[in-house]
Amino acid sequence: MKPLLYALLGSSLALGQSIPRPHITGVAHISLFAHDFEISRHFYHEFLGFEETYSLKNANGSPSMTFFKINDRQYIELAPEKQPGSDRLNHYALETDDADGMRLYLASKGVKVPDHVPTGRIGNLNFMIKDPEGHEVEIVQYGRDSWTVHNFGKYLPASGISHRLMHVGVITTKLDAEMDFYTRVLGFKEIWRGSSTGKVLSWINLRVPDGKDYIELMLYEQPPKPDKRGTAHHLCLETPNIEASLAALNSRPYRKEYSRPLEVKVGKNRKRQLNVFDPDGTRIELMEAGTVDGRPAPSSGAPAPSS
């Protein structure tokens, strides 16, 4: 952080003045580790129909990461795994309109942040923080000269199974701390609670303060083992018609390589959905935006899992 900014931050805190939170407009991407990088690339392109806008390499020429475009502001990032049998979730990202302002704001709330906002390899401003559960959360602001912005309107084929990343799901065992972080610090709004059994709370949906995307807290008393988290750590892709999405998947040549069943079901939120799993077992939830009858599903009053 530059000396002047340090002084401004220190003066504001000393005077008890609050630093305003910049806008958080949506979920920008989810980043996943792949055991076999090429096999996973094949799945996301051939089965889900997304295009790779660009790929990055390490200094030795090995793959670093690749980007599958959902829409102009949302991506799925794929990176080679660092350790076999580990959690497939690398991180997820939130888009802001002022990355440095967000850094100063988060610092004022006691969140550990870097001393400046770097510019990433594709030209965006971004930095990492951790939520109380230990999940890596990237804060990103799309730069005017970034590859992201230069590719607006490109790499959006009709084959894409979805054009919106509706939410990401993250395992949560420290519910009180997570709720405080996401609602009080980041300004998320709770929009729904659900229970798979009716006896214990299973999910809490928290919407970003300045958009429609949300995160889904997947509630556990104890987290699953790292290699068993693919159902919980997930991404949800919106579809206007789940039956049409099912037909599209069944029509693709990759369907012969995909051994799992494809079944449309109605979830506890009364929305039609279809689960697809990538080669590492990470769940991709295809889901319609509205409920089956147009009426909102009531929130569950079940207690949270005891820690």
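Buried means under 20% relative accessible area, exposed over 50% and partly exposed in between, with a 1.4 Å probe and protein chains only. The model is predicted: local features need pLDDT of at least 70 and side-chain atom pairs count only at pLDDT 80 or more, while totals for chains, interfaces and linings use all residues. Residues are numbered from 1 along each chain as its sequence is written, and side-chain values use heavy atoms, with hydrogens and water left out.

View 1. Helices (H or I, at least four residues) and strands (E, at least two) are DSSP runs, numbered from the N terminus. The C-alpha trace spans about 60 × 50 × 35 Å along its principal axes. Of the 307 residues, 50% count as buried.

**View 2. Helix 3 covers residues 99-108 and is mostly covered.** Seven of the ten residues of helix 3 are buried: Ala-99, Gly-101, Met-102, Arg-103, Leu-104, Tyr-105 and Leu-106. At the start of the helix, a side-chain oxygen of Asp-98 reaches to within 3.5 Å of the backbone nitrogen of Asp-100. Just after the helix, Gly-110 has a positive phi of about 85°.

**View 3. Arg-283 lies in strand 15, residues 283-287.** Arg-283 has a relative accessible area of 8% and is buried. Its side chain is joined to that of Asn-275 by a polar contact of 3.3 Å. A polar contact is a pair of N or O atoms within 3.5 Å; within protein, one must be able to donate a hydrogen and the other to accept it, and residues adjacent in sequence count only if both atoms are side-chain atoms. Leaving aside residues up to four places away in sequence, Arg-283 touches several others, among them Met-218, His-233, His-234 and Phe-277. Contact means heavy atoms within 4.5 Å.

**View 4. Met-166 is placed in strand 8, residues 165-172.** Met-166 counts as buried, at 2% relative accessibility. Residues up to four places away in sequence not counted, Met-166 touches Asp-213, Tyr-214, Cys-236, Glu-238, Met-287, Glu-288 and Ala-289. Glu-221 is 55 residues from Met-166 along the chain, and the C-alpha atoms of the two are separated by 26 Å.
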